[in-house]
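Thanks, everyone, for making the time this morning. I would like to walk you through one model, and I will start with a question once it is on the screen.

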Amino acid sequence: MTTRQTQTTCCYCGAGCQLLFTTDIEANKILDVHPVKGRTNDDKACLKGWFGWDFLNDPQILTKRLRAPMIRKGGKHSPLEVVGWDEAIKFVADNLAKIKAKWGPDSIMGAASARGPGNEPNYLMQKFMRACVGTNNIDHCARICHAASVAGSRQTIGEGAMSLSIPEIEDAQVIFNIGYNAAASHPVVARRIVKAREKGAFIICADPRITETARISQLHLPLKGGTNLALTNGLAYVIIDEGLEDKAFIEAHTKDYEAFKEIVLSYPPEKVSEITGLRPDDIRLAARRYAGSRSSVILWGMGVTQFSQGVEVVKSLCSLAMLTGNFGRPSTGTGPVRGQNNVQGTCDMGVLPDVFPGYQSVADPEMRAKFAKAWGVKALPTEPGLQLTRVPEKVVHEKDPAKRIHAYYIFGEDPAQSDPDLAELRETLEAIDFVVVQDVFFNKTALYADAILPATSWGEHEGVYTSSDRGFQRIRKVVEPFGDIKDDWEIICLISTAMGYPMKYKNTEEIWNEMINLSPKFAGATYEKIERQGSVQWPCFDKGPADKGTMYLHKGGQFATPDGRGIFKTSHYHPPTEVENNEFPLTLCTVREVGHYSARTMTGNCRTLRNLEDEPGWVEMSPRDCQALGLSANELVRITSKRGSVITRCLPTERVRPGAVYMTYQWWIGACNELTISSLDPTSRTPEYKYCAAKVEKIEDQASAEKEVRRVYTDIRSSMGIAQEGLSA
Ligand SMILES: Nc1nc2c(c(=O)[nH]1)N[C@H]1C(S)=C(S)[C@@H](COP(=O)(O)OP(=O)(O)OC[C@H]3O[C@@H](n4cnc5c(=O)[nH]c(N)nc54)[C@H](O)[C@@H]3O)O[C@H]1N2
Ligand SMILES: Nc1nc2c(c(=O)[nH]1)N[C@H]1C(S)=C(S)[C@@H](COP(=O)(O)OP(=O)(O)OC[C@H]3O[C@@H](n4cnc5c(=O)[nH]c(N)nc54)[C@H](O)[C@@H]3O)O[C@H]1N2
Ligand code: SF4
Ligand SMILES: [Mo]
């Protein structure tokens, strides 16, 4: 047996852990994996790092790997047929070209991937949409995730990414953790929070639930869901009222302080207490503690961004950090901890409707000219494109066919599982003339595809991911792919070439070099430097060895805004769009669990992880609400909102407040997105996944309900061509 050792970056969350694989080369099998020292993870990994690679063996527990291209030759409702690559590429290129000719470039939408593919195919995907199709309609899951962080941070401090690095968290003196559950989402980041606590940091945790961070915090603020902005304005009120603001920093490095002050001065703790349900003295204590250290860090996640007021909360968080001078030194600043393994990277690559790679605006004629010249086209589209959460609006709600989306090229996303209000999303996918799915697994969205293009997975290809804290790190091939499949970048090149815009590259490094040479912020981060250092954090301007990259942003209070000054911003609080009422007396919030990941095509196909949790998922409820409904642990319940109804299991827990229930979004049967609302933040267009009205009902006939769960599961799997029943015993 000949063995090989390969180091790569984990494919799940943005913590960017380094893993060392040992493979049997002849058998093409993984023998062992363990975490090794990396910049962000030391030598640690969570259970997904240890056990999350089994999907590479294709055990077909949940779904199956795509092994050959498939198309619907006979039109929309004809069966999917396996074809060769030449036929599949021609089919996709011809259909896209036809739609472009008839309805124009803006009738085509592209969604790219924050997951396995890495930065290089994403760079090519936006290049394809812009230079070949001729539209800025390109987006990805950041839209339904941290888009509010990007928008809110750019409007205040000029840069949308984490200002500090993951390792710096452990030396903070105060951590204000708001709407972020690191123990489930980024376990290896959670470890830094625990270490900070051990080193004496004061931890404030604002979360309606008793999360692990709340448990180890000295001050838990269990605010009512949807009231973040009242709290953050209230904290600023106390800081100003008690004279704790950093006057010198405000004077030297910021502007628009007076307008900010005017708004927050109408949020005294007593008023904030009425809105949030928090004690006024706890609000005061949080403000004093946060303002009282020179190393205060704010960490936030989806409990901030997935609201129709997400951008406003992000602006107010950045303003709190400016107000107290907490920027520009080690172990301080703002931490929107990006979720997916490469969501920071997919933003970096310009897979957004308003920016080219390196955050260069499509509205800027100079930038357009630069990219048009490099890409060999006469001109590039001038108008920012469509955000992916607006696709339903531009299909089922658009009366004028000339303004509709007619084709949707979905590369490495599963909107039929992860977007809000799934009934509307399915109606949308059915109404679109031509849907392309390019994925590694047969996912829920693939059921609506007119063409399916199978790609190599993480572990089977090379490239670069960007960790949550702006760190470029290599991914490497661990095993050889099998089946009639291709690398994502190669598939995009073939389609583009077939549509008359030739793209040809030798390897991912060649793509990377084209990208960094067009993006000043990344220009110095060559493969060679990434290999040598292990990780390069942008900005990294110069290719020489002296520029090692940037650990923290805004050094010395110099912000990334045009004049270098931070801009204070906040606004008034308003409640979420759909609040509890007589018919739907509970509030539904949707979150994460540690063992399964997003649409679950990958973790659902790993034997060890599947054994932790299985369909139909569960709903966390307070024991008081369970008692009122006569429910006990594990029984099947029906949960319903205005938009849909699903079956799941009851999970009573003291960790949640009465009146609020929580589900995770990985389940097919207990699919919480049948219930969620597609109400969007007006700026970032991020959905309000964290709040809608719902009711829970007891199911008297449990035996029939159990049978129904099995039947539905078997049916979905058989529609994907998997014969055996999949549910664990
Ligand atoms: N209710 C509710 N819904 C939510 C959320 C919530 O909190 N509540 N969170 C939202 C958030 S923050 C996010 S980021 C989204 C995530 O939602 P998605 O991005 O849709 O989900 P993922 O499971 O990350 O993966 C998408 C697809 O990428 C495929 N894939 C993986 N690697 C590769 C590869 O190398 N090549 C190709 N071609 N495909 C690949 C996977 O098989 C999968 O089908 O979900 C959102 N949905
Ligand atoms: N195991 C696992 N890890 C993951 C993922 C996964 O699916 N599984 N997904 C990845 C992705 S895509 C992302 S974006 C990250 C997200 O990671 P997180 O940001 O941690 O995401 P969530 O668990 O959705 O929500 C965080 C917290 O917000 C709280 N919350 C809800 N409403 C409010 C509110 O009104 N105010 C406040 N202050 N808090 C509120 C919830 O109780 C929850 O504890 O995780 C990544 N990591
Ligand atoms: S913390 Fe994130 S990157 Fe690290 S092993 Fe777990 S899932 Fe992978
Ligand atoms: Mo996310």
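How do the residues of the shell around ligand 3 divide into nonpolar, polar and charged? Before I answer, a word on conventions: this is a predicted model, in which local features need pLDDT of at least 70 and side-chain atom pairs count only at pLDDT 80 or more, while totals for chains, interfaces and linings use all residues. Residues are numbered from 1 along each chain as its sequence is written, chains are lettered from A and ligands numbered from 1 in the order in which they are written, and side-chain values use heavy atoms, with hydrogens and water left out.

The shell divides into 9 nonpolar, 2 polar and 1 charged, where Ala, Val, Leu, Ile, Met, Phe, Trp, Tyr, Cys and Pro count as nonpolar, Asp, Glu, Lys and Arg as charged, and the others, Gly among them, as polar. Among the residues around ligand 3 are Cys10, Cys13, Cys17 and Cys46, together with Lys48, Pro187 and Val188; a residue counts as near a molecule if one of its heavy atoms lies within 4 Å of it. Helix H1 (47-51) and helix H6 (187-198) each supply at least two residues of this shell, helices being DSSP runs of H or I with at least four residues and strands runs of E with at least two, numbered from the N terminus.

Let me turn to the domains. The assignment gives domain 1 (3-57), domain 2 (70-144 + 342-537), domain 3 (147-337) and domain 4 (586-719), with bounds that come from an automatic or database domain assignment. The centres of domain 1 and domain 2, taken over C-alpha atoms, are 26 Å apart. At their interface, 21 residues of domain 1 are in contact with 21 residues of domain 2, contact meaning heavy atoms within 4.5 Å. The area buried between these two domains is about 1,900 Å², with carbon and sulfur atoms giving 53%; buried area is the accessible area (1.4 Å probe) that two parts lose on being put together, summed over both.

The count of salt bridges between domain 1 and domain 2 is 1, the criterion being a side-chain nitrogen of Lys or Arg within 4 Å of a carboxyl oxygen of Asp or Glu. Arg39 forms a salt bridge with Asp469, and the closest N and O atoms are 2.8 Å apart.

Now to the other ligands. Around ligand 1 there are 34 residues, the closest being Ser418, Asp439, Asp488, Ala599 and Asn673. An N or O atom in the side chain of Asp488 is 2.8 Å from a nitrogen atom of ligand 1, and an N or O atom in the side chain of Thr601 is 2.8 Å from an oxygen atom of ligand 1. Ligand 2 is surrounded by 37 residues, with Ser185, Asp207, Gly226, Arg592 and His596 the closest. The side chain of Ser185 places an N or O atom 2.7 Å from an oxygen atom of ligand 2, whereas for Asn181 a backbone N or O atom lies 2.8 Å from an oxygen atom of that ligand.

Finally, some backbone details. The peptide bond from Trp538 to Pro539 is cis, with omega near 0°, and Pro539 lies in the loop between strand E21 (536-537) and strand E22 (566-567). Glu615 and Pro616 are also joined by a cis peptide bond, with omega about 5°.

Conventions:
A polar contact is a pair of N or O atoms within 3.5 Å; within protein, one must be able to donate a hydrogen and the other to accept it, and residues adjacent in sequence count only if both atoms are side-chain atoms.
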